[in-house]
Amino acid sequence: MKYNSIDELLRNNQAWVTEKLALDPTYFQELSNGQTPPFLYIGCSDSRLALTRFTGTEPGELFVHRNIANQVSLTDINFLAVLEYAILHLGVEHIIVCGHYDCGGIKTALEGRTIGILDNWVNPIRELYLQKQEEIDALPTREERLNRLAEINVVAQVKNIYQTSIMRQVLYERKAPMVHGWVLDISTGLIKDLNVLTKQWQLHTCPLLLEFRLYAMLKNDSNFGI
Ligand SMILES: [Zn+2]
């Protein structure tokens with residue numbers, strides 16, 4: 001693979017701008033007017049996972065959060081801020097959790113390599129492996145075991161999205177975006193939709209709102225229409 005030098009990055013930028021302006025002289029003016037992306041993309045930090053390239057999307061279409069092994073951590077304030085902003089302020093219609101095969105984070109989780117703080121970060125995936133150990137260990141090759149754990153991880157992260165307070169709130173208000181679980185196969189460039197069924201996770205009522213409604217009921221406030 002040929003890598004660009006740091007100077008080439010800037011030259012490439014100038015060339016790309018020239019190319020865009022040749023096609024549409026107002027492209028950057030329009031881009032600077034703001035963003036209303038329809039998609040939130042939660043992906044792995046892996047340098048090969050620039051989803052815009054694989055989906056033919058343009059700047060302004062994907063709001064992005066990436067971390068190692070595309071995790072939805074309920075204690076990660078960075079992620080939770082991205083999710084809340086995407087849902088409440090940008091009004092995204094779809095949330096895509098996109099994992100990938102040949103993921104270093106998945107390898108670390110499955111094989112228990114000790115390489116520092118990454119071990120702590122991928123520990124929830126290690127837990128997923130331990131839950132599904134029998135199924136995963138029964139697969140004949142290392143590649144298949146890693147790929148299966150990558151898929152299981154995506155499903156778990158989709159489920160985690162439904163555990164967040166913001167998602168529970170918008171589900172309650174019937175304004176929730178659709179959530180999708182994908183895996184990108186780097187060896188083919190193709191995206192596999194795992195068709196994750198999410199209905200079973202959509203039934204939880206926001207506990208805070210439930211408490212609020214209960215309080216309203218006790219106060220006999222008809223606005224909350226118990
Ligand atoms: Zn990865």
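Reader: Which residues in α5 meet which ones in α7?

Author: This is a predicted model, to begin with. In it, Gly-105, Ile-106, Ala-109 and Leu-110 of α5 meet Ile-125, Arg-126 and Tyr-129 of α7. By class, the residues of that contact split into 5 nonpolar, 1 polar and 1 charged.

Reader: And at what angle do α5 and α7 pack?

Author: At about 55°, with the axes 8 Å apart; α5 covers residues 104-111 and α7 covers residues 123-131. That angle makes α5 oblique to α7.

Reader: Which hand does the crossing of α5 and α7 have, right or left?

Author: Right-handed.

Reader: OK, on to α7 and α9. How are those two arranged, roughly parallel or roughly perpendicular?

Author: The angle between α7 and α9 is about 110°, and their axes are 10 Å apart. They are therefore roughly perpendicular to each other. Their crossing is right-handed.

Reader: What makes the contact there?

Author: From α7 you have Ile-125, Leu-128 and Tyr-129, and from α9 Leu-149, Ile-152, Asn-153 and Ala-156. Sorted by class, the contact of α7 with α9 has 6 nonpolar residues, 1 polar and no charged ones.

Reader: Which residues of α9 are buried?

Author: Here's the set: Leu-146, Asn-147, Leu-149, Ala-150, Ile-152, Asn-153, Val-154, Ala-156, Gln-157, Val-158 and Ile-161.

Reader: And what covers them?

Author: The cover includes the strands β3 (94-100) and β4 (178-185), along with α5, α7, α8 (133-137) and α10 (165-172).

Reader: Where is Ala-69 found?

Author: Ala-69 sits in the loop between β2 (62-67) and α4 (77-89). Asn-70 lies in the loop between β2 and α4 too.

Reader: Is Asn-70 buried or exposed, and what about Ala-69?

Author: Asn-70 is buried, with 30 other C-beta atoms within 10 Å. Ala-69 counts as buried because it has 27 C-beta neighbours inside 10 Å, and the cut-off for buried is 20 or more.

Conventions
Residues are numbered from 1 along each chain as its sequence is written. This is a predicted model: local features need pLDDT of at least 70, side-chain atom pairs count only at pLDDT 80 or more; totals for chains, interfaces and linings use all residues. Axes are lines fitted to C-alpha atoms, for helices over the stretch in contact, and angles run from 0 to 180 degrees between N-to-C directions. Helices (H or I, at least four residues) and strands (E, at least two) are DSSP runs, numbered from the N terminus. Angles under 35 degrees count as roughly parallel, over 145 as roughly antiparallel, 65 to 115 as roughly perpendicular and the rest as oblique. A crossing is left-handed if the near helix is turned anticlockwise from the far one by less than a right angle, and right-handed if clockwise. Two residues are in contact if their C-beta atoms, placed from the backbone, lie within 7 Å. Ala, Val, Leu, Ile, Met, Phe, Trp, Tyr, Cys and Pro count as nonpolar, Asp, Glu, Lys and Arg as charged, and the others, Gly among them, as polar. A residue is buried if 20 or more other C-beta atoms lie within 10 Å of its own, exposed if 12 or fewer, and partly exposed in between; C-beta atoms are placed from the backbone.
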